[in-house]
Amino acid sequence: MLRHLLLFAYGLCCYVVFLVAFLYAVAFVGGWFVPRQLDGALAGSMAGALLIDAALLTVFALQHSIMARRWFKERWTQLIPWVIERSTYVLCASAALLLLFWQWRPLGIAIWTVENPIGRSVLWLLFALGWGTVLVMTFLINHFDLFGLRQVWLPLIGRPYKPVAFRTPLPYRIVRHPLYLGFLLAFWSTPHMTLAHLVFALATTGYILVGIHFEERDLLSEHGARYAEYRHRVPMLLPGRRRMAATGGDTTNAGLRGHP
């Protein structure tokens, strides 16, 4: 019982760190309230700042991708209890994010600035919609399983863990990756796009597209024909693209959203 209680306490602490990182991310990208922000004036050399920012983004991408792969999980859970595997992943991802926030170097240089009040309002609305979509989608997937709390809670109350069943709530019938679509909205919707913001948005967009490829490969391996049919039927990120295929438009297949 004590072991289960300690594991649950560890999982809860990891979740709290995630909440801090998530809230800071909203403020960091939006440019509100926090000392380190995505945008700002360049301090030092452009080459040095770009190198640091690229390294920070690479650290996050490598951690997020490698620790999510099945081969890593199989080896990792030989060293740590499986019930805290997801919590540890969440903790490491949050630590990589916090490192990025702490060491990020703004680059100055405005790419675009929207002065029109209506245009600014629309962009901030899309920004809020993006972050709101991310949060809501985690609950549609199963928020507490996604962030490791369910895995440490069930042993504490003496219940066996069962993987979350494959479901397609309404947003997942429109696009396969609505959570990633939310991130893209949040990262690109800004009335003041700076060079640093553009670098961040481009890098995270590229990571999302590459991550979807590997994620869907794992999901197809796990669920087979059911995912393959879903992938063929539902577009990846842009609503309506499969319907275009029926009339001779884009015929690109897509994959199903799973855990990162």
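Predicted model: local features only at pLDDT ≥ 70, side-chain atom pairs only at ≥ 80, totals over all residues.

User: How should the length of a helix be checked, and what span should the 19 residues of helix H4 have?

Analyst: The general idea is to compare an expected span with the distance between the end C-alpha atoms. Helix H4 comprises residues 85–103, and at 1.5 Å a residue its 19 residues should span 27 Å; the end C-alpha atoms are 27 Å apart, so the two values agree.

User: Which residues of H4 are buried, and against which helices do they pack?

Analyst: An α-helix has 3.6 residues a turn, so residues three or four places apart point the same way. In H4, the buried residues are Glu85, Arg86, Ser87, Thr88, Tyr89, Val90, Ala93, Ser94, Ala96, Leu100 and Phe101. Their packing partners are H1 (2–30), H2 (46–66), H3 (70–76), H6 (143–146), H7 (149–156) and H10.

User: Where does Glu216 lie, and why does it count as buried or exposed?

Analyst: Burial is judged by relative accessible area, with buried meaning under 20%. Glu216 belongs to helix H10, which covers residues 195–223. Its relative accessible area is 5%, and therefore Glu216 is buried.

User: Which side chains make polar contacts with that of Glu216?

Analyst: The side chain of Glu216 is joined to that of Arg176 by a polar contact of 3.0 Å, and to that of His177 by one of 2.7 Å.

User: How is Tyr227 placed, and in which helix?

Analyst: Tyr227 is part of helix H11, residues 225–233. Its relative accessibility is 6%, so Tyr227 counts as buried. Between the C-alpha atoms of Tyr227 and Ile212 the separation is 14 Å, with the two residues 15 apart along the chain.

User: Finally, which residues have a positive phi, and where are they found?

Analyst: Ile109 is a residue other than glycine, and its phi is near 60°; Ile109 sits in the loop between H4 and strand E1 (110–113). Asn142, also not a glycine, has a positive phi near 135°. The loop that holds Asn142 runs between helix H5 (117–141) and H6. With a relative accessible area of 23%, Asn142 is partly exposed.

Methods
Residues numbered from 1 in each chain as written. Heavy atoms only, no water. Helix = DSSP H or I, 4+ residues; strand = E, 2+ residues; numbered from the N terminus. Buried < 20%, exposed > 50% of the residue type's maximum accessible area, 1.4 Å probe, protein only. Polar contact = N/O pair within 3.5 Å; in protein donor to acceptor, adjacent residues only side chain to side chain. Expected span 1.5 Å × (residues − 1). Contact = heavy atoms within 4.5 Å.
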